[in-house]
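The following exercises concern a single predicted protein model.

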Amino acid sequence: MPASNLDAPSGTGALLIHGLGGTEYDLGSMHKVLKRAGIQTYSLTLPGHGGSPEDLLSVRMEDWLDAVTHKYREVAQRHETLHVMGMCLGALLAVELCKRVGHKQGKLVSLAAPVFIDGWSTPWYRGLRKLVYRIPGLAARMRVEEEEPYGIKNELVRSIVKAKFERGENFHYRWVPLACVREVDRLRNAVTRGLDGIACPTLIMHAHEDELTSVRSAHLLHDAIAGSQLVLLNNSYHMICVDNDRDLVAATVLQFMDRDPAAAQSPRAAGRAAPMGAADVERILGAYRDSLLAGEFETLFPLFAEDVVWTEEGDSPVSGVYEGRGALITLFSRLMDYSRNTFAIRDVGQPALAGRAIALPLRFQVQDGAGLYEAGATHTLRLRNNAISKVTARADEPEAEDALWRRLAAAAGHEPEGDAMDEATLALDANALPDAFEAAVIELRSLPAPPSAAMVIRLTAYEQQARHGDAPPAAPPVADARSQIRHAAWRLLAGLPVDQAQRRYIALVRRLDAGD
């Protein structure tokens, strides 16, 4: 059946499949990104989803496969080219679908496929679930709870997800029945057979630190699917489409689908702004003020236009121009990471007109060593189409604030006075030290709670110093902001002997394990 211009403006479509207990949220902004690149996207709600977790009790692996196969055949006839992409359970279904239908009409993208359930946060008793399957009725009564870190390394995004769960928003099931996990296990077993029969170009993306499924899953697919492309990510957990590497994921997928990776960035809105009344302006300013005072970033984000531009004036590690909502996550993450979560807005004054913009004076505070730093700033906002389109943040005392953030950033990456070693670490024999260091690297992955982003920067710096010695003079030219920060933290350790770096790393991990 010929495709209409509306359905297929480019002749290319993509079928996107969500994960277990999830929705389109699992794939982040992938639908919007692909549409901006001229690819028509399609999705479906898998059987047992979109209602309550109990709906999954009667669902079989075959129901999922039948649903995705039906959707695939429905949209395949509309396009000359149809790509198939899945996340988590959706990735397993995408692989099995392409295998069963002999997909050659487009490409296959597998994102964090859990061929093995062996990530660092899975409990030691995970293998016992197969024994539970044999006990009649027990698997239907047992629940697998969704717990922190929710597959997300970025602390700000994780806090937003946690707030959504606490408010009871139905974007993802809070738990799934163990009986449903049994069907995932059946699908996992099916996926591992006949992978050499997949003939379409295949991209496999997976995070090194995936807490649900280790990179062993990605390597198995890569080794078995001829000519497949493997991309491993360094700064995410399981939910790679919404975590720190989300922009890299989007750009890589676009390039794999022969599209311009620049389409991963939101374009500036075109056309004239829709008129806004005084009530609209008052509503937005009131919500902005309340969100800042409460520190509730999850309620702040919807106030911004998707292509918002935030300019943080000054000359400090947080200064710069942040384009798009996603970039604001980077800005707010830096503020919280460097301040050790002590940054807080204490007062927001009355708005005042500033030409075509609105100026909001505010007061904030940050813990600076043993003291408390308090200062003022002004946020100048431009509004368009019932959203905040531009923000310019200017400090009342720019030089003092720049110096503050330089101190805090340096402390977040290098703080030897706060890394005092315990007697047991100091007493480690030099011959036993390398093994103790490697054991600490492994132990870090099994801590009861993930370390803060600031602590990760410090640990990474010590590990780099222990393994490679002093850092090179400059970070790689293509390094992102977080990598540049980690490189700067590593450089601050110049001259620290390898054995001392190992001992400091071990001591920090022991403190974290003790809940300090």
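**Exercise 1. Charges over rings**

Determine which ring face lysine 107 lies over, and which one arginine 216 lies over.

*Solution.* Step 1. Lysine 107 lies over the face of phenylalanine 256, 4.8 Å from the ring centre. Step 2. Arginine 216 lies over the face of phenylalanine 116, with 3.7 Å to the ring centre. Step 3. The criterion is that NZ of Lys or CZ of Arg is within 6 Å of the ring centre and within 35 degrees of the ring normal.

A note on conventions: residues are numbered from 1 along each chain as its sequence is written. The model is predicted, so local features need pLDDT of at least 70 and side-chain atom pairs count only at pLDDT 80 or more, while totals for chains, interfaces and linings use all residues; side-chain values use heavy atoms, and hydrogens and water are left out.

**Exercise 2. The chain as a whole**

State how many helices and strands the chain has, and what percentage of its residues is buried.

*Solution.* Step 1. The secondary structure comes to 18 helices and 15 strands; helices (H or I, at least four residues) and strands (E, at least two) are DSSP runs numbered from the N terminus. Step 2. Of the 516 residues in the chain, 51% are buried. Buried means under 20% relative accessible area, exposed over 50%, and partly exposed in between (1.4 Å probe, protein chains only). Step 3. Among contacts between residues at least 6 apart in sequence, 71% join residues at least 24 apart, where contact means heavy atoms within 4.5 Å.

**Exercise 3. Aromatic pairs**

Classify the pair of tryptophan 120 and tyrosine 237, and then that of phenylalanine 343 and tryptophan 405.

*Solution.* Step 1. The structure holds eight aromatic pairs. Rings of Phe, Tyr and Trp (its six-membered ring) pair if their centres lie within 6.5 Å; planes under 30 degrees apart count as stacked, over 60 as edge-to-face and the rest as tilted. Step 2. Tryptophan 120 and tyrosine 237 are 5.1 Å apart centre to centre with 70° between the planes, an edge-to-face pair. Step 3. This pair links distant parts of the chain, 117 residues apart: tryptophan 120 is in the loop between strand E4 (108-111) and helix H4 (129-133), and tyrosine 237 in the loop between strand E8 (229-233) and helix H9 (246-256). Step 4. Tryptophan 120 is partly exposed because its relative accessibility is 21%, whereas tyrosine 237 is buried at 6%. Step 5. The ring centres of phenylalanine 343 and tryptophan 405 lie 6.1 Å apart and the planes meet at 50°, so this pair is tilted. Step 6. Phenylalanine 343 is in the loop between helix H12 (325-338) and strand E11 (344-348), and tryptophan 405, 62 residues apart from it, is in helix H13 (residues 398-413). Both residues are buried.

**Exercise 4. Serine 339**

Describe where serine 339 is found and what it is in contact with.

*Solution.* Step 1. Serine 339 is found in the loop between H12 and E11. Step 2. Its relative accessibility is 2%, so serine 339 counts as buried. Step 3. A polar atom of its side chain lies 3.1 Å from the backbone nitrogen of phenylalanine 343. Step 4. Neighbours within four places in sequence aside, serine 339 is in contact with Val366, Trp405 and Leu408.

**Exercise 5. Helix H3**

*Solution.* Step 1. Step 2. Step 3. In H3, 11 of the 13 residues are buried, including Leu89, Glu96 and Lys99. Step 4. Step 5. Glycine 102, whose phi is positive, near 65°, follows H3.

**Exercise 6. Strand E7**

*Solution.* Step 1. Step 2. Thr202, Ile204 and His206 point one way, and Leu203, Met205 and Ala207 the other. Step 3. Step 4.

How values were computed
Polar contact = N/O pair within 3.5 Å; in protein donor to acceptor, adjacent residues only side chain to side chain.
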